[in-house]
Amino acid sequence: MSEIVHVGMADYKLCRSPQKISTLGLGSCLGVVLYDRTIKICGMAHVMMPDSSRLTKNSNRMKFADTCLQDMLNDLLRAGAQQSRMIAKIAGGARMFIHKSNTDFLNIGKQNVEAVRKVLGDWNIPIIAEDVGSNYGRTIEFDTVTGELFIKSVGVGDSVI
């Protein structure tokens, strides 16, 4: 049985084959996996907010898609990964609360997904699989051996992408 590395909210961690990596409680938060299939190293981030420029008095760079993913990418590159070999898988980004106005201003989940798509697009890292949106939470686990992302959703069922 391989070791499972746990990623907390507003954090990221790296792991190598044969380890697995997991994060719990993705509602509007987004789980992002960057994976170099050649050397089987990955990083998983649990981001809460789309853009660090929206809050000026916050010292936790790991809360935000832009700064968290940049730090995680830098660590992956230092560990031997190559950006040109990386792929991404994402899950979460749900709309957990419906507001009467039904605008996207309060839909943090959708904003997180859009921010991550933009960052990864700018870096030419393809998102090869995703399970995002809707109105339910998720727990994810990534297997560095197989490259599979396991998704558990209460009341919805489990899936693999």
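A residue is called buried when its relative accessible area is under 20%, exposed when it is over 50%, and partly exposed in between, using a 1.4 Å probe and protein chains only. His46 is a clear case to begin with: its relative accessible area is 0%, so it counts as buried. The structure is a predicted model, in which local features need pLDDT of at least 70 and side-chain atom pairs count only at pLDDT 80 or more, while totals for chains, interfaces and linings use all residues. Residues are numbered from 1 along each chain as its sequence is written, and side-chain values use heavy atoms, with hydrogens and water left out.

His46 lies in strand E5; helices (H or I, at least four residues) and strands (E, at least two) are DSSP runs, numbered from the N terminus. Contact here means heavy atoms within 4.5 Å.

Strand E5 belongs to an open sheet of five strands, in the order E2-E5-E4-E6-E7, with mixed pairing. Two strands pair if DSSP finds at least two bridges between them. At the edges stand strand E2 (11-16) and strand E7 (127-132), each pairing on one side only. From one strand to the next, the twist averages 15 degrees. Within the sheet, strand E4 (residues 30-36) and strand E6 (residues 86-92) run antiparallel and are joined by seven bridges. Val33 stands opposite Lys89 in E6.

Two helices pack on this sheet. For their angles, axes are lines fitted to C-alpha atoms, for helices over the stretch in contact, and angles run from 0 to 180 degrees between N-to-C directions. Helix H1 (residues 65-78) touches E2, E4, strand E5 (41-47) and E6, and its direction makes about 165 degrees with that of E5. Helix H2 (residues 108-122) touches E4, E5, E6 and E7, its direction making about 20 degrees with that of E4.

Next comes the nonpolar interior. A nonpolar core is a set of buried Ala, Val, Leu, Ile, Met, Phe, Trp, Tyr and Cys residues joined through side-chain atoms within 4.5 Å. The largest has 25 residues, and those with the most contacts inside it are Val32, Leu34, Ala45, Leu69, Val116, Leu120 and Ile125. At least two residues of this core come from each of E4, E5, H1, E6 and H2, and H1 gives the largest share, six residues. Another core, of 16 residues, lies apart from it and has Cys29, Ile140, Phe142 and Leu149 among its members.

A pair of aromatic rings is described by the distance of the centres and the angle of the planes. Rings of Phe, Tyr and Trp (its six-membered ring) pair if their centres lie within 6.5 Å; planes under 30 degrees apart count as stacked, over 60 as edge-to-face and the rest as tilted. By this rule there is one aromatic pair. Tyr35 and Phe142 form it edge-to-face, at 4.9 Å centre to centre and 70 degrees between the planes. The pair links distant parts of the chain, 107 residues apart: Tyr35 is in strand E4 and Phe142 in strand E8 (residues 138-143).

Finally, what about the cysteines? A disulfide is a pair of cysteine sulfur atoms within 2.5 Å, and by this rule the count is zero. The sulfur of Cys29 has its closest cysteine sulfur in Cys68, 11 Å away, so the two are too far apart for a bond. Cys29 is buried, with a relative accessible area of 8%, and Cys68 is buried as well, at 0% relative accessibility.
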